[in-house]
Every structure is written in structure tokens, then in C-alpha cells.
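Hi there,

Here is the structure I promised to pass on to you. Please have a look at it first, and then read my notes below.

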Amino acid sequence: MSASGSSPAQSEVSVWRGRALGAEAEIRLFGADKTKTGQAIAAARDTVLRMERLFSLYQPRSALNALNANGFLEMPPEFARLMSLVDKIHRQTDGLFDPTVQPLMVAQARADGELSATDKKALAEKVGWAKVQRQSAHLSFAVPGMAMTLNGIAQGFATDRVSEVLNAHGFAPHLVHIGEYRAGEQSAQIGIAGQQGELLDSIQLFNSAVATSAPLGTRFENGNGHIVNPDLTKTIPSWRSVSVKAKTAAEADGLSTAIALTASPELAKQAVEIGLAQAIWLEVTTGELLRF
């Protein structure tokens, strides 16, 4: 996706760029003095670093890696908040959104061809959100060898948290991009890009967010896609890309991840009809674009 923000007349735009959770990151603040801007950017960067310490699989001492290594975790408040959202989206998508697919992702990345029936049976014991036990701040896995990945929602959650921090610093007009986009009280024009980077559509964000998932946009070296079905079936993608506009970036991120696993547009239609999403774009493998 690409973005451009239209700032209020005669207001300044301050921009910070970097990387966060494996993605290009950018923050735009509209209309304030340099002192307040510096303080807000510093707080936003601290938030980004904290999100990585919580949710990154690539930081050995992250909270997520501690959970995966030990099978349990005393959750910091933001980790617990994200787990509640994961539970909500898991239920809304009939189980398609499930972060316990990490053992399956590792197996798929290492596989030389199809996983055997024996391998799938063993993996099935380690996959399933119902096997994640939460009691107050304590989280644990019911089965040894389970592990979690938050790649399908952490960037969206980080985008939301930075947006909230900017609001708390008096910057209601802002645009945050950490893999996904969220606009505050500032209209931003966002380009919806297809799997190959081509422009599919253009939308306006205002107090809303958009996220895109491409089932085969990133592949392991053996050709398997990085979005895997928790029921261990091999999904033949119907969509080159899925883009979701929603109230928050985490909701858009989680929904786009789940819908990317579907073979029909029914879940996308339902999500818009019942208000889980504001709009959804499905780029069909045949090149057609469906919008709901």
C-alpha cells in the first residue's frame, strides 16, 4: 500500500521513518510545534521498541519467545490485551485466525514437498487456540511443543498502540504505518496495492485503518506460503491479496489474515454486513477485483 496525507492549511508535517516488527515504518504528525513533535515521536518510538520486545519472534528475549520456550507466560498488560483481541477475532472468523499455527509454519518451511499424514497427525496435537489457557494474567499451553506466532496481527496492534500514544500527546491528526495504516483525525489517501504492487484502488482513511495480506506474497524457500490453515489442510489460495478497512489496524490485520485462507467470498461479505469491517477488497487469482 502507499499513502499520502492532506494536511490542514498552513500546518506543518513532521515525519519519522524507520523499521518495526520486520516492516517499513512511518509516522506523520500534522500541525504542532517542534518541541511537542519531538516528545510525541520519542514516545512513539519507545512504543515501537516495546512492541518488538513483546511480540517479535526475532528478538530472543521477547515475551513471545519466552512463552514459546517455556509453555507459559505471566502476561504484561499489552500482551494480555492482544490475547483478548486474538480470542475475539478467532471466534469471529470461525477459527481461521489462529496464532498457534507456529509449529505448522516451521514444519512447512522445512518440508521437502507435502507433509506426510503422520507429520500432520503429530502437528495437529500442537495446534489449536482452544489449547491456550488464560487465567487472569497467566497464559499457558495445554500441550507440550505448542508455539505461537503473532505475525498476522502484531503489526496492526503496534500501529494502533502508536496511534493511541500520539493521541495522548495531543496529536489527533496523524498517520501511522507499521506494516498496516491507521489515520487519526486527518484525512489520508491510501492506495490499495495488489500482490505485484500494482494499484487496485484508492481510499480515504479518517479515524480508521487498512491492512493487506497476500497468501503467496511471501514464500518459504521450498515455495510454501507464509499464511497457513490451522486445520492443516493445504489451502489453494483464491486470492492474490486481501485488503480490509476497519476501525483499528489490529482488527483489519487479523481479518485480512483469516480471509486470505478462504476459498469463497462469504466470510468477507459477512464481515462487512455485520460491521466487523468497513470495506474489503479481494484480488482474485484470475485478476478480477471484488469489493464489499
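Predicted model: local features only at pLDDT ≥ 70, side-chain atom pairs only at ≥ 80, totals over all residues.

Let me start with Ser 136, which is exposed, with a relative accessible area of 75%. Ser 136 sits in the loop that links strand 5 (132–135) to strand 6 (138–141). As you know, most residues other than glycine have a negative phi.

Asn 207 is another non-glycine residue with a positive phi, here about 50°. You will find Asn 207 in the loop between strand 10 (199–205) and strand 11 (208–213). With a relative accessible area of 40%, Asn 207 is partly exposed.

Now to the helices. The axes of helix 1 (residues 34–55) and helix 3 (residues 77–92) come within 10 Å and cross at roughly 70°. Helix 1 and helix 3 are therefore roughly perpendicular to each other, and their crossing is right-handed. On the helix 1 side, Arg 50, Met 51, Leu 54 and Phe 55 take part, meeting Glu 78, Phe 79 and Leu 82 of helix 3. Sorted by class, this contact has five nonpolar residues, two charged ones and no polar ones.

Helix 3 also holds Val 86. How accessible is Val 86? Its relative accessibility is 0%, so Val 86 counts as buried. Leaving aside residues up to four places away in sequence, Val 86 touches Phe 97, Pro 99, Trp 129, Leu 150 and Ile 153.

Finally, helix 8 (residues 266–273). Which residues of helix 8 are buried? They are Leu 267, Ala 268 and Ala 271. These residues cover an arc of only 100° around the axis, which puts them on the same side of helix 8. The buried residues of helix 8 pack against helix 3, helix 7 (249–259) and strand 13 (279–284). Just after helix 8 comes Gly 275, with a positive phi of about 90°.

Happy browsing, and do write back with your thoughts.

Best wishes

Technical notes
Residues numbered from 1 in each chain as written. Heavy atoms only, no water. Axes fitted to C-alpha atoms, helices over the stretch in contact; angles between N-to-C directions. Helix = DSSP H or I, 4+ residues; strand = E, 2+ residues; numbered from the N terminus. Parallel < 35°, antiparallel > 145°, perpendicular 65-115°, else oblique. Left-handed = near helix turned anticlockwise from the far one by under 90°. Contact = heavy atoms within 4.5 Å. Nonpolar A, V, L, I, M, F, W, Y, C, P; charged D, E, K, R; others polar. Buried < 20%, exposed > 50% of the residue type's maximum accessible area, 1.4 Å probe, protein only. Arc of directions from axis to C-beta.
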